[in-house]
There are 2 protein chains.
Amino acid sequence: MVDFRTSPARYRHWRLAVDGPVATLTMDVDEQGGLVPGYELKLNSYDLGVDIELYDAVQRLRFGYPRVKAVVITSGKDKVFCAGANIRMLAAADHSSKVNFCKFTNETRNGIEDASQNSGQTYIAALNGTASGGGYELALACDHIMLVDDRSSAVSLPELPLLGVLPGTGGLTRVTDKRRVRRDLADYFATKAEGVAGKKAVQWKLVDEAVPRAQWQEQVSERSRAAAQSSPRLAGGETGIELTPLEKTRTDTAVTYTHVSASLDHDRGVAEITVYGSGADPATPATPPTPTTPATINDVHTLGDKFWTLAVTRELDDLILDLRTNEPEIGTWVLRARGDAANVLACDDLLLANDATDWLANEIVLYLKRTLKRLDVTSRSLIALIEPGSCFAGSLLELALACDRSYMLLGSDPAATISVGAMNLGPLPMGNGLTRAQTRFLGDPEALAQVEKRAGEQLEADDAQRLGLITFAPDDIDWDDEVRIAVEERASFSPDALTGLEANYRFAGPETMETKIFGRLTAWQNWIFYRPNASGPDGALRAYGTGKRARFDRKRV
Amino acid sequence: MVDFRTSPARYRHWRLAVDGPVATLTMDVDEQGGLVPGYELKLNSYDLGVDIELYDAVQRLRFGYPRVKAVVITSGKDKVFCAGANIRMLAAADHSSKVNFCKFTNETRNGIEDASQNSGQTYIAALNGTASGGGYELALACDHIMLVDDRSSAVSLPELPLLGVLPGTGGLTRVTDKRRVRRDLADYFATKAEGVAGKKAVQWKLVDEAVPRAQWQEQVSERSRAAAQSSPRLAGGETGIELTPLEKTRTDTAVTYTHVSASLDHDRGVAEITVYGSGADPATPATPPTPTTPATINDVHTLGDKFWTLAVTRELDDLILDLRTNEPEIGTWVLRARGDAANVLACDDLLLANDATDWLANEIVLYLKRTLKRLDVTSRSLIALIEPGSCFAGSLLELALACDRSYMLLGSDPAATISVGAMNLGPLPMGNGLTRAQTRFLGDPEALAQVEKRAGEQLEADDAQRLGLITFAPDDIDWDDEVRIAVEERASFSPDALTGLEANYRFAGPETMETKIFGRLTAWQNWIFYRPNASGPDGALRAYGTGKRARFDRKRV
């Protein structure tokens, strides 16, 4: 079972050093530190374990280091920055592991871009040696790419010529759409295993600058100082907050945190997930209830990671990663929320009153945004059940809006209600750049305006249905059957077709680099990974390094 | 070998009737008329052969019927409009056939939308019975959907619940992005094999109106009359032009038309395609040379389908379809153009001087646009070779710009040249809504402006390279080797990875429904088609209709 929880003291592959406003993340992969046996992580190649540490470091930099305004990613190895995903690992992994691995690394790279764009922590890739494949894709996620100009260091995407697969973590999309490399040069680049170096790499826009080794240290320092100086990182106290270890109990049938619990039914293929609102009975009865909603942002700083919104976001984040990776046969997630909607909305309001000025409020909202996006790209059917005593309001209403379908109990006493809040109207956009409500009411601004008008109200099922905020509103006579059938039916469908259906329906409307990466690029990569030309006994992934040439079915599809 | 050439006299599945400004296309599929043995086309289900006729009819309506301003698509069967793609056919087809079939049907449906939007021929789907799967997707391509309200006729997308695949011809994208069906309702709809009928179908925006049988004929007439009345179809003479049979010679190693030829090298996996400019030596020496460029648009009407631009477009269109379908192992297409650039540009200019007022000029430009788009979504590596005597100018320069890479001979005497013309600067957008030049210089408006400034000039290789219009400019010492290596190398790569690479690189920048359909939806469908859950011995496609339930690997990916 893969565990996504770690901390710097346990890192085997990364070093985090902070010097005033500049942090340096040094990749120095332990060859023997693979997550599973069977491969050596040579040349700073990585597996999921290496990326779990990177994700942890990026998160901790945001929450723990309010004064850090620029982050340099570089290598601790001689002559190589990073050789990308480990090929032996990829060749041995089953299909769903490969896909999950790519998804998580993509999310981490998107998180790096989010830090540069929205946290005032600007990432600089200092390529002190060759960056190949996923190594170059990691650089592409940074705001600025420096490549040492030493007649041997290059950037490259050798996946196609060497492995018969695509660069799987956004490389193709970022080369054309972010760095604006001309498509025919990009084509040539992606077929050239040795890559492109020096001035040509700059001229083709593959990197921002090529720096001779003699000026390397000085130039890296200068770039990072300049980035830190122009950073808009918010104020709000010099002291970071510590992300303490999550309290988590994991059995074969249940995952329990303080504010989130999931019961796993392997026979039915269903996880029943409950999120507890601020002040609600906690999932872990032994845990004292959350303090009531803090009054000021200073109280949030004092509470640190015990502040409800941050705590529940961390738990959800870990749960999504856990179930995605460790429970691939649990194809349907049923989501409930229990507690007092007013408390949820009060936490939301406190954050939104401060997120333009206080770094911690900003970070919590951004983290919530990223976690909800993680849910959006999770290949599981999502069904929200809205019952009396639930608290789908504001930030937690986003969970219901992220679902493929929702059911709300009609006419009960007390009534089930939902509430639209400020969190639903802007600060938590999806990957397509729209809020979940905007995506829901695409092309129907009148319907969206009606919903906005009712913000703050406790909406009962008939109202919620009229407004289009929920899918179905059965009464208590129909509820059990309708819900049971919906869940059973979902489990009876082809898991692959559901994945494709959801990947298409969840992102209506405009496209962004993010939706292209998760929608288009990922789908092609999934297909290619699955084909014998890559993964078959004579496929390129298996043949690599054996001295044998791959044998291809030459039919073009 | 599949032949895409047909004509109304040979149709087995469609009837075309014209009544003043309204044409009616009646689908009445001959059960025994399948393209290959092994299945019966029951309930107006279709295979590639049925769709070839539909494509032909849509084309002939545009060129042959200047007075037709509305087209009604309806069914000749009782109680069923169309049951979609034939499932036995799909279950038996190999992977590349399935993918090719979906691509062609997608292109035909996009062509229907193009006719509604740009030709003033508005398509109305008159669903006089149930429209399932591909049948409903055909309706979705129409501008207006009418469904008979008779307590049995419904619209449905039963692919996921019944077959374990996705609706493969744009259904998911058009439901959310064109018709703006709410995503949770769309989700429910796509899991409900029996579909949605009557008022609910209208309320959910799946159809535009549900009409009782008693008013059906009258309402269909009224809607089509109204559409015809508000149509902006252009003037330019009442007489259509006939699309006469293409002169084509096809052997195992060559395809020859009047203005286009292709030699096929199966060992190397390469097709060498030459397009002959207006007035150049024709590909078929027996054919008399094309008349010189006509002086006025009236001359174009007189020449009809012998007018060079229309003739060469028809031939290219047929060649693309032929090679795509019949030569899947020829993975690289090398494109050359021979002739006088001035003649090409003169034809372009004549068309563009008239395409806002003359229906035929408009139709020819639109057809050229659609044919170039067909090239863009063709899963073959495209390499342009620009040599002395070539005529990559204006409309033919688009061929080079559509290529993944281009090589232009430097410093020869006479020099190889290319010319930018008005056709490169607007009228021939790609599926992403941008011209090929805009896509090429995405995010670099300065480079694009430089190119526009040089329009009309004969640009030699050094200029063309500086401007970024070509990829490489080897001199005659390097030419043979560089070109040979590029072609050989391409043939050595994984065909699947090349398909994925090209599908990502060719559509940088904004996304549209079209790019979503060919980029995202198609990629997911390809993956799903290929998985055992659909196509394996126990997969849903094979199990359908046998009484056995499909057995799924329940792992979610």
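Helices (H or I, at least four residues) and strands (E, at least two) are DSSP runs, numbered from the N terminus. The points below use these elements to locate residues.

1. Basis of the note. This is a predicted model, in which local features need pLDDT of at least 70 and side-chain atom pairs count only at pLDDT 80 or more, while totals for chains, interfaces and linings use all residues. Residues are numbered from 1 along each chain as its sequence is written, chains are lettered from A in the order in which they are written, and side-chain values use heavy atoms, with hydrogens and water left out.

2. Confidence. The predictor assigns the complex an ipTM of 0.93 and a pTM of 0.96.

3. The loop at A:Gly456. This glycine of chain A is placed in the loop between helix H16 (445-453) and strand S22 (459-460). A:Gly456 counts as exposed because its relative accessible area is 56%; buried means under 20% relative accessible area, exposed over 50%, and partly exposed in between (1.4 Å probe, protein chains only). From A:Thr122, A:Gly456 is 334 residues apart in sequence and 36 Å apart in space, C-alpha to C-alpha.

4. Salt bridges within chain A. Over all chains, the structure holds 108 salt bridges, each a side-chain nitrogen of Lys or Arg within 4 Å of a carboxyl oxygen of Asp or Glu. One of them pairs A:Arg454 with A:Asp463, with the closest N and O atoms 2.5 Å apart. A:Arg454 is partly exposed, at 22% relative accessible area, whereas A:Asp463 is buried, at 18%. Another joins A:Arg268 to A:Glu272, where the closest N and O atoms are 3.7 Å apart. Here A:Arg268 is partly exposed at 41%, and A:Glu272 is partly exposed at 22%.

5. A salt bridge between chains. B:Asp404 and A:Arg183 meet through their side chains in a salt bridge of 3.4 Å, N to O. This pair crosses from the loop between helix H14 (397-402) and strand S20 (405-408) of chain B, which holds B:Asp404, to helix H7 (residues 183-189) of chain A, which holds A:Arg183. Both B:Asp404 and A:Arg183 are buried. They also belong to a network of salt bridges that links A:Arg183, A:Asp187, A:Arg556, B:Asp404, B:Arg405, B:Arg490, B:Glu502 and B:Arg506.

6. Backbone geometry. Most residues other than glycine have a negative phi, and most peptide bonds are trans. A cis peptide bond joins A:Asp413 and A:Pro414, with omega about 5 degrees, and A:Pro414 is in the loop between strand S20 (405-408) and strand S21 (417-419) of chain A. In chain B, the peptide bond from B:Asp413 to B:Pro414 is cis, with omega near 5 degrees. A:Leu43 has a positive phi, near 55 degrees, and lies in the loop between strand S2 (22-27) and strand S3 (45-46) of chain A. A:Leu43 is exposed, as its relative accessible area is 54%. A:Arg151 has a positive phi of about 65 degrees; this arginine is found in the loop between strand S9 (144-149) and strand S10 (154-156) of chain A. A:Arg151 is exposed because its relative accessible area is 84%.
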